Structure formats: structure tokens, C-alpha cells
Amino acid sequence: MSSDTDTLVSIVTPAYKAERVIGAAIGSVQSQTHEHWEMLIAEDCGPDNTRQCVRAFASMDKRVKLIEPDRNGGPASARNHALAHAKGRWIAFLDSDDMWLPHKLERQLDFHRSQPGAVLSYTGFRRISDDASRTGSYISVPPRMTYRRLLGNTAIATSSVLIDRALSGRFAMQQTYYDDFACWLALLKKGGIAVGLDEDLMRYRVMDASVSRDKRRSALKVWRAYREIEKLGPLISAWYFSQYAARAIHKYRQF
């Protein structure tokens, strides 16, 4: 990759019915102290005015780019549409309802470059309420994650992730409920490591109607990921699931 793309961060943002929140996500990227980025927003054929909102931002800031799939395909498909247009060495993920603090990219890039062999990095964060009126407790992250550690962990928040494509090579999201979790596992399964920057750099919006708040359904999807995607046996799946569930309960015990 050229020196220009070596510092370029391609930000992948899937958006569906995001008219109410997409402006805050874009604004948090525009406020970054690291200014060499492109924000690839794949609007997944929603029924609202998300595309018009993104076009308005893009007309004023050429770094904001609207990706327009021709049919609804879900988050994994939208992320893959954005990835197909990414030009940077670095891939960051920011969901349409989340936000970054201003030093997020600068701090994480400096940190990631200081960690030889790290294919993926992630940061700490705080939750915010749907209307952003309430901010929760700080969610810290462990310093290092391997494939096996991640199987039983909930530490990697999607909107905190940064991937070095010089080490990962080409990758794509799988068509599965937790496409992000499956992607991180696939990258680490090949022997890569993930490193955690334990700093408060992201805001995770807890949407009132989010399907991820359905804990029973989420638990079932995690179990299926072990059995159907990772091809783990029932006993080892039960072992990792017990660790995953315990950490999830602890994580969501307080806002």
C-alpha cells in the first residue's frame, strides 16, 4: 500500500432506519483529531430518509461517502458493500447509532502501531441511553485477546474495532446474526492477536427497540455460532458459552 493509504482509515458504517442518529455518528467522525479518513455508509434500503441525510453530509464533506445497495441485505451485507469500497490500510467499524470521542482514531492508531503482530485492536467505552441523556459506567477491556479467549468473552465492541489490513489481508463479514463476532474469530483463528486499549473512546447507544437487547435470542445465536460456524463439539461449546454468559451478565448488570 502507498504511504497515503498507510494512514487512511476506512470507516465502515451500516445504516438502516438511522435517520434519527446518523448525524451524530457522522459528526463524531468529523470531530476526530486524526483527519485522514473516509466514512463509507452503506444505507441498507430503509424506509426513512437516511440516504438523504447522508447525501447532505457528503455534499459538504467529500470524506463522507454514501454506498447504495440495490436491496436490503442486513448488517453483514451492508458492511461488505462498504468494505468493497474501502481504500485504506486501516478498517474501523462504527455502527450508525454509536459515536466516537474526538481522540479515538489518533489514540488507537498510535497504540495499534506500537503492538507488533496485532491484526485487530479494540477500546473501552461507555453506554448511553437511546436519547443520549444518560451516560453509563466505564466498560474496561482486557489487554489481549486470542481466538480461544474470545470464544468465551464479550470484550470486543464493534464500534471500537480497528483492523490492520496489512496483516489481515482481505476479509469479509459472514451472513450470520453476529457477523462481527464471527469476523473477529475468523481473523484470530488464523493466528492473529487482538489488543485492547483500555481507554474511554466510544459511546455505545442502547436503542430501546434493539434486537440485541433480547438476551434469550442473543444467547441462542451465540450457541449456534459455536456449533454451526466454529464447528465446536457440545461439551466445549457449553464450556465457552458458560464463560460468555457469565461475562455478559456481569457486563449488563449496571448501565
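Is Trp-184 buried or exposed? Trp-184 is buried, at 1% relative accessibility. Keep in mind that this is a predicted model. A few notes to get you started:

1. Let's begin with the aromatic rings. Searching the whole structure turns up five aromatic pairs. One of them joins Phe-93 and Trp-184: the ring centres sit 5.3 Å apart and the planes meet at 70 degrees, so this pair is edge-to-face. The cut-off for that label is an angle over 60 degrees.

2. Now see where those two residues come from. Phe-93 belongs to strand β4 (residues 90-93), while Trp-184 is part of helix α8 (residues 179-189). The pair therefore ties together parts that are 91 residues apart in sequence. Like Trp-184, Phe-93 is buried, and its relative accessible area is 0%.

3. Tyr-177 and Tyr-178 make another aromatic pair, also edge-to-face, with 4.8 Å from centre to centre and 80 degrees between the planes. Tyr-177 is partly exposed, with a relative accessible area of 23%; buried would need a value under 20%.

4. Have a look at Asp-97 too, which you'll find in the loop between β4 and β5 (99-100). Asp-97 is buried but has no salt bridge. Its nearest side chain of opposite charge is Arg-205, 5.8 Å away, and a salt bridge has to be within 4 Å, counted from a side-chain nitrogen of Lys or Arg to a carboxyl oxygen of Asp or Glu.

5. What does Asp-97 touch, not counting residues up to four places away in sequence? The contacts are Val-21, Arg-205 and Met-207. So Arg-205 does touch Asp-97, as contact means heavy atoms within 4.5 Å, yet Asp-97 has no salt bridge.

Key. Residues numbered from 1 in each chain as written. Heavy atoms only, no water. Phe/Tyr/Trp six-rings, centres within 6.5 Å; stacked < 30°, edge-to-face > 60°. Helix = DSSP H or I, 4+ residues; strand = E, 2+ residues; numbered from the N terminus. Buried < 20%, exposed > 50% of the residue type's maximum accessible area, 1.4 Å probe, protein only. Lys, Arg positive; Asp, Glu negative; His and termini not counted.
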